[in-house]
Amino acid sequence: MSMTQTALAAMDTWQMNMFKGVTPISHEIYNLHMIAILICAIIGVVVFGVMFYSLIYHRKSRGYKAASFHDNNRLEIIWSIIPFLILVGLAIPATQVLMRMDDSNQSDVTIKIVGSQWKWQYQYLDQGISYFSNLSTPYAQIQNKQPKGEWYLIEVDKPLVVPVNKKIRFLVTSSDVVHSWWVPELGVKRDAIPGFMHEAWARITKPGTYRGQCAELCGINHGFMPIVVQAVSEEEFNQWVAAQPKVTNEYAKTENGTDKASAPQANLTRKQLMKLGKEKYDNACAACHRVDGKGLPPLFPALKGSSVAVGKPISRHIDMILNGVPGSAMQAYKDQLTDEEIAAIATYERNAWDNNTDDEIQPSDVAKIRQDEIQQPTMVNKAQAGGLR
């Protein structure tokens, strides 16, 4: 390895320069960046060289006297033309790169990316796969109660899996506020704006794991929504696709067509519910409502002693987790969490922090409420009159 290559590799390690990346677009962006930096460096050397030479060798102490002149039309024309030519010389390749960045036609894989507070949802439109990707750093590390791991705040529970050497089309949007999906090594950065769909594409040439972050200040946990892209071979990608659950048009139907509400739901013990509930609460809820359940009023209300977490009917509590609260920061989790996870969270919230209701919610309770909402939108009112207690 030459000294130049060694120096460039060191700059990548120290983050003193742009990533060269693993896609053709990222290479073009890097090369364009280096050309612009080189031109700026040459201009800087010439300008400061002349300035320092003049200061040193034409100083008053050496007997030089300042020249007296008003203007020089020829010189002014020259120093106007030269910057114009430099800008045109940079604009032409930059425009070509921008045009190639927006060419998302004839893609092999199309992925819709939806940003929300504070996670990413990935939808493989051709494969029928959809899932949420959440920060997986343990909350104890964030609270400085455990040593921080190697990938602190840039690790997720479910990475975005893509094949190498295939053209991947990204459709980026948001469900709440403005986010920005940014993976430096892919050369992709697209703002996720509610009501708009921004396109990008990438063809990853090297298998590996590539990390990024939300690049738009989006709220209190802006720093807690990392991006992890796992690039694998086409064979591994196909195996991964085959192993993923497919999205159905109706939640109420299982793969064999039976009603989920009538399908057998295994009951969990109190210990299992509380363990799973704490794990999922710390992952999905603690950022707003805090680990101790005291919240951050008035924006994020406390759950400790709240009328939702200790009151009746319990169906109101489950419904709030499923459907969120319109017009507030409380989002719907019905498409993000399973029946078991929602039942566990509700059980945990009703028994943690001295709430001590002694209530146990089972997955079948959540499945029934889901099914009732599909069949009868006024289910909550019905449940309050005489449903789940």
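A cavity is a set of points, on a 1 Å grid over the protein atoms alone, where a 1.4 Å probe fits but cannot get out. The largest cavity here has a volume of about 50 Å³, a volume being the space filled by probe spheres set on the points, with grid points joined across faces, edges and corners. The model is predicted, so local features need pLDDT of at least 70 and side-chain atom pairs count only at pLDDT 80 or more, while totals for chains, interfaces and linings use all residues. Residues are numbered from 1 along each chain as its sequence is written, and side-chain values use heavy atoms, with hydrogens and water left out.

**Overall make-up**

- The protein has twelve helices and ten strands; helices (H or I, at least four residues) and strands (E, at least two) are DSSP runs, numbered from the N terminus.
- Of its 389 residues, 37% count as buried; buried means under 20% relative accessible area, exposed over 50%, and partly exposed in between (1.4 Å probe, protein chains only).
- The accessible surface comes to about 22400 Å², and 57% of this belongs to carbon and sulfur atoms; such areas come from the Shrake-Rupley method with a 1.4 Å probe, and for residues only the protein chains shown count as cover.
- Among contacts between residues at least 6 apart in sequence, 62% join residues at least 24 apart; contact means heavy atoms within 4.5 Å.

**The cavity**

- Rolling a probe the size of a water molecule over the atoms shows where empty space is left.
- The count comes to one cavity of 30 Å³ or more.
- The lining of the largest cavity consists of Ile25, Met101, Gly187, Val188, Lys189, Arg190, Ala200 and Trp201; a lining residue has an atom within 4 Å of a point.
- Strands β7 (188-192) and β8 (198-202) each supply at least two residues of this lining, and the largest share, three residues, comes from β7.

**The second largest pocket**

- A pocket is an open set of points with protein on both sides within 12 Å along at least five of seven lines.
- The second largest pocket has a volume of about 910 Å³.
- Its lining holds 42 residues, of which Asn283, Ala284, Cys285, Ala287 and Tyr333 are the closest to the centre.
- At least two lining residues come from each of α4 (139-142), α6 (270-284), α7 (286-289), α9 (314-323) and α10.
- Helix α6 gives the most to the lining of this pocket, with six residues.

**Tyr139 and its contacts**

- Tyr139 lies in helix α4 and counts as buried because its relative accessibility is 18%.
- Leaving aside neighbours within four places in sequence, Tyr139 is in contact with Asp282, Ala286, Ala287 and Val291.
- Tyr139 and Ala287 are 148 residues apart in sequence, yet 9.0 Å apart in space from C-alpha to C-alpha.

**The loop between α10 and α11**

- Asn355 is placed in the loop between α10 (339-351) and α11 (363-375).
- Asn355 has a relative accessible area of 10% and is therefore buried.
- Not counting residues up to four places away in sequence, Asn355 touches Leu303, Lys304, Gly305, Ala309, Val310, Glu349 and Arg350.
- Trp353 is also found in the loop between α10 and α11, and a relative accessible area of 14% makes Trp353 buried.
- Phi of Trp353 is near 55°, a positive value in a residue other than glycine.

**Other backbone features**

- Gln106, found in the loop between α3 (73-101) and β1, has a positive phi of about 55° although it is not a glycine.
- Gln106 counts as exposed because its relative accessibility is 77%.
- Gln117 and Trp118 are joined by a cis peptide bond with omega of about -5°; Trp118 is in the loop between β1 (109-116) and β2 (119-124).
- The peptide bond from Lys312 to Pro313 is cis as well, with omega near 0°; Pro313 is found in the loop between α8 (307-310) and α9.

**A nonpolar surface patch**

- Ile43, Val47, Phe48, Met51, Phe52, Tyr53, Leu55, Ile56 and Tyr57 make a nonpolar surface patch of about 890 Å².
- Patches are made of residues with over 30% relative accessible area and no salt bridge, with nonpolar side chains (Val, Leu, Ile, Met, Phe, Trp, Tyr) joined within 5 Å and like charges within 9 Å; a salt bridge is a side-chain nitrogen of Lys or Arg within 4 Å of a carboxyl oxygen of Asp or Glu.
- Met51 lies in helix α2 (residues 24-57) and, at 36% relative accessibility, counts as partly exposed.
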